[in-house]
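Please view the sequence and the structure before reading on.

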Amino acid sequence: MSSKQTSTEVRGVLLPMREGRLLLPNAAVCEVVSFRTPDKAPEGAPSWVLGTFRWRNHVLPLISFEQLQGGISGEIGNRARVAICNTLNGSEQLPYIGILLHAAPHLTLVSQESLTPFLDDEPLHEMVASRVIVNGVDALIPDLDALESALSGVPL
């Protein structure tokens with residue numbers, strides 16, 4: 001692969017969870033910060049909302065994608081991070097979402113050649129757009145629209 005990025009390549013970021021990874025375009029991730037204990041989750045928030053997180057004068061929901069899919073997020077270690085992600089619809093009430101990571105993310109170049117669908121009959125969670133293999137790594141592509149919709153009724 002040449003050192004120049006071709007027009008069919010997208011800069012992506014692999015976000016490590018306890019088990020597995022999420023794949024997002026690099027532009028969807030504003031910043032990755034060290035984990036700190038969130039404030040209490042709002043009344044009526046889904047169980048996968050771990051609480052609220054303060055970032056740059058914004059209060060945003062901190063979510064566990066593992067819990068969202070019915071798993072457990074497990075112990076939060078000293079390598080834990082929070083990926084601050086843009087929401088897609090430009091909502092003033094919910095411009096960002098924090099996603100709990102279990103380690104630092106990894107940048108990757110995604111091209112048509114490096115991305116293949118994961119061939120499995122197992123149904124995906126409604127908040128997962130696709131399961132893929134990128135550069136030999138199994139990853140989930142979250143449905144940020146569905147995630148934003150699910151969080152739209154949660155008071156922050």
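## Arginine 131 and aspartate 138

Arginine 131 is partly exposed, at 23% relative accessibility; the term covers values between buried (under 20% relative accessible area) and exposed (over 50%), computed with a 1.4 Å probe on protein chains only. Its side chain meets that of aspartate 138 in a salt bridge, with 2.5 Å from N to O. A salt bridge here is a side-chain nitrogen of Lys or Arg within 4 Å of a carboxyl oxygen of Asp or Glu. Aspartate 138 is likewise partly exposed, with a relative accessible area of 30%.

## Basis of the model

The model is predicted: local features need pLDDT of at least 70, side-chain atom pairs count only at pLDDT 80 or more, and totals for chains, interfaces and linings use all residues. Residues are numbered from 1 along each chain as its sequence is written, and side-chain values use heavy atoms, leaving out hydrogens and water.

## Glutamate 31 and arginine 56

The count comes to three salt bridges. In one of them, glutamate 31 pairs with arginine 56, the closest N and O atoms being 2.8 Å apart. Glutamate 31 lies in strand S3 (residues 29-34) and arginine 56 in the loop between strand S4 (49-55) and strand S5 (58-63), so the pair ties together parts 25 residues apart in sequence. Strands (E, at least two residues) are DSSP runs numbered from the N terminus. Glutamate 31 is partly exposed at 25% relative accessibility, while arginine 56 is exposed at 59%.

## Aspartate 39 and arginine 54

Aspartate 39 forms a salt bridge with arginine 54, with 3.4 Å between the closest N and O atoms. Aspartate 39 sits in the loop between S3 and S4 and arginine 54 in strand S4, 15 residues apart.

Terms used:
Helix = DSSP H or I, 4+ residues; strand = E, 2+ residues; numbered from the N terminus.
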